[in-house]
Amino acid sequence: MKLADKIIFLRKKKGWSQEELASQMDVSRQSVSKWESGASTPDIDKIILLSQIFDTTTDYLLKEEIDDINDSILTEEKRKDTTYDFDNNKHILESEKYSDVEKKHIYVSRTEAEEYLNVMKKASTKIAFAVFLCICSVAPMMFFVGAQHTGKFKFTEDTAGILGVCILLVIVAIAVTIFITNGIKMNKFLYIEKEVITMDSDLFSEVKRKSEEYAPVFARNIAIGVVLCIVAVIPLLLASIKNSADSTDGDVLVIMMTGVLLIVIAFGVYQFVKTGIIKDSYDKLLGQGDYTEEKKISNKSNDAFSGVYWLVITAIYLAYNFLTMDWGRSWIIWPVAGVLFAAITTIINAVRKNKLEK
C-alpha cells in the first residue's frame, strides 16, 4: 500500500479532515492534499511527525506492500465492497469474516453520499409532516366536541366523538403510510448509520462544508420550534381565564384551545424533526456527534444484549400478569426496566472502554 493511501486511511481512522491534519503537522492543507494524491512526498522529518501523530512506525509508513488483491479491488466500482485491515496492511473483501469489528471500514463513494443526502433531505420533510399529522390527529375530535357543546350543531356528543375518531384514524393511517414508504427508502443507507465508514478526503471536506453551512439553519429552526412550543400554551391560558368568568362558554373554549395548542406544538415539532434528520445525515457521514466510530462499535455490540434484555422483560411482564392478574399495577415494570437498561448499558460501555484503553 502506498504512503498516500496510508495517510488517507490513518487520517480517516482518527476522524480528521485535511485541515485538521495540516494543523497538527504545521503545514498547509494543500500540502496534505498533495501527499494524499501522491503529487508530493513528505520530508523525513514530516514522516517522523506523522508516525508520532498516528501512533505508528516510520517503517509502516515507508514500506510499500501492494499485493494482487489491492490491484484487483482498488477501483471506484469495487472499493465500496472492500474494507481495510490495518493490522495486516491490506484491503480485504467485504464478504470476509472479521474477528474485530473495529477494523472494519466501509468505503462510501461520492455517488452514494450524494444520493444519501438527497434521500434524507426529501424524507426529512415527509417524516416531519407525518409526525405533524400524528400530533394534530386528536384536534378534530376536540373541535367537534367543542362545537357540539355550543348547541349550534344538531348532533350528539357521541356522534361528535365518533366523527373525531374516524378522522383521527384516517390521519394516523396516512402518517403510518408515510413512515413506512420513507423508512424503506432510508433503510438502503442503514450501513452509514451502523457501520464505520470512510470516504475520499475531498468528499469529506465537501460534506463538512455543507454541514457547517447548514448549522445556522439548524439553530434557527430549532429556535423557531422552541418558541412555537412555548407560545402554544398562551391560547389555553386565555381560555382558562374565560372559563373562570363564565364556566359554560369557558369549558367550550378550553376544549377548542386545547386543539389549537396541539396544532401549534405540531408545527414546532415539525421543525425539530425536519432539521434534526438533515443534521443527523451530515453527522453520520462525518462520523461525529452520536455517530463516532467508538459509539457505532458500542451500539453494535449492545444490539444483541438489547434484544435479549427486552424479550426477557416482556416475558417477565406477561408471566407476572397471567399468574397474579394484577394488570393495573404491573405497568411499573416498564419504567424500572428502562432505568435498569440505561444503567447496565452505561456500565458495559465503561468496562469496554476501559479494556480498550488498557
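**Entry 1: Glu114**

I count a residue as buried under 20% relative accessible area, as exposed over 50%, and as partly exposed in between. I am working on a predicted model. I looked up Glu114 and found its place in helix α8, residues 110-136. Its relative accessibility is 40%, so Glu114 counts as partly exposed. I then checked a pair across the sequence: Glu114 and Leu203 are 89 residues apart along the chain, and their C-alpha atoms are separated by 9.7 Å.

**Entry 2: the chain as a whole**

I noted the overall numbers next. The protein chain has 16 helices and 4 strands. It has 358 residues, of which 35% count as buried. I took the contacts between residues at least 6 apart in sequence, and 70% of them join residues at least 24 apart.

**Entry 3: α2 and α3**

I turned to helix α2, residues 18-25, and helix α3, residues 29-37. I describe two packed helices by the angle between their axes and the distance between the axes. For this pair I read an angle of about 110° and axes 8 Å apart. α2 and α3 are therefore roughly perpendicular to each other.

Which residues of α2 meet α3? On the α2 side I listed Gln18, Glu19, Leu21, Ala22 and Met25. Their partners in α3 are Arg29, Val32, Ser33, Trp35 and Glu36. Sorted by class, the contact of α2 with α3 has 5 nonpolar, 2 polar and 3 charged residues.

**Entry 4: the buried side of α2**

I checked burial along α2 and found Gln18, Leu21, Ala22 and Met25 buried. These residues cover an arc of only 100° around the axis, so they are on the same side of α2.

What do the buried residues of α2 pack against? I noted α1 (3-14), α3, α4 (44-53) and α12 (201-231). I also looked just past the end of the helix, where Asp26 takes a positive phi of about 60°.

**Entry 5: α2 and α4**

I repeated the axis check for α2 with α4. The two axes come within 10 Å and cross at roughly 115°. That makes α2 roughly perpendicular to α4. The crossing of α2 past α4 is right-handed.

In this contact, Leu21, Gln24 and Met25 of α2 meet Lys46, Leu49, Leu50 and Ile53 of α4. By class I have 5 nonpolar residues, 1 polar and 1 charged. Leu21 and Met25 are also among the buried residues of α2.

**Entry 6: Ile48**

I stayed with helix α4 and looked up Ile48, which is found there. Is Ile48 buried or partly exposed? Its relative accessible area is 39%, so I logged Ile48 as partly exposed. The C-alpha atoms of Ile48 and Asp59 are separated by 9.9 Å, with the two residues 11 apart along the chain.

**Entry 7: Ser211**

α12 is one of the helices that the buried residues of α2 pack against. Ser211 has a relative accessible area of 15%, which means that it is buried. Which residues is Ser211 in contact with, leaving aside its neighbours within four places in sequence? I found Tyr282, Leu286 and Gln288.

Key. Residues are numbered from 1 along each chain as its sequence is written. This is a predicted model: local features need pLDDT of at least 70, side-chain atom pairs count only at pLDDT 80 or more; totals for chains, interfaces and linings use all residues. Side-chain values use heavy atoms; hydrogens and water are left out. Axes are lines fitted to C-alpha atoms, for helices over the stretch in contact, and angles run from 0 to 180 degrees between N-to-C directions. Helices (H or I, at least four residues) and strands (E, at least two) are DSSP runs, numbered from the N terminus. Angles under 35 degrees count as roughly parallel, over 145 as roughly antiparallel, 65 to 115 as roughly perpendicular and the rest as oblique. Contact means heavy atoms within 4.5 Å. Ala, Val, Leu, Ile, Met, Phe, Trp, Tyr, Cys and Pro count as nonpolar, Asp, Glu, Lys and Arg as charged, and the others, Gly among them, as polar. Buried means under 20% relative accessible area, exposed over 50%, partly exposed in between (1.4 Å probe, protein chains only). The arc is that of the directions from the helix axis to the C-beta atoms. A crossing is left-handed if the near helix is turned anticlockwise from the far one by less than a right angle, and right-handed if clockwise.
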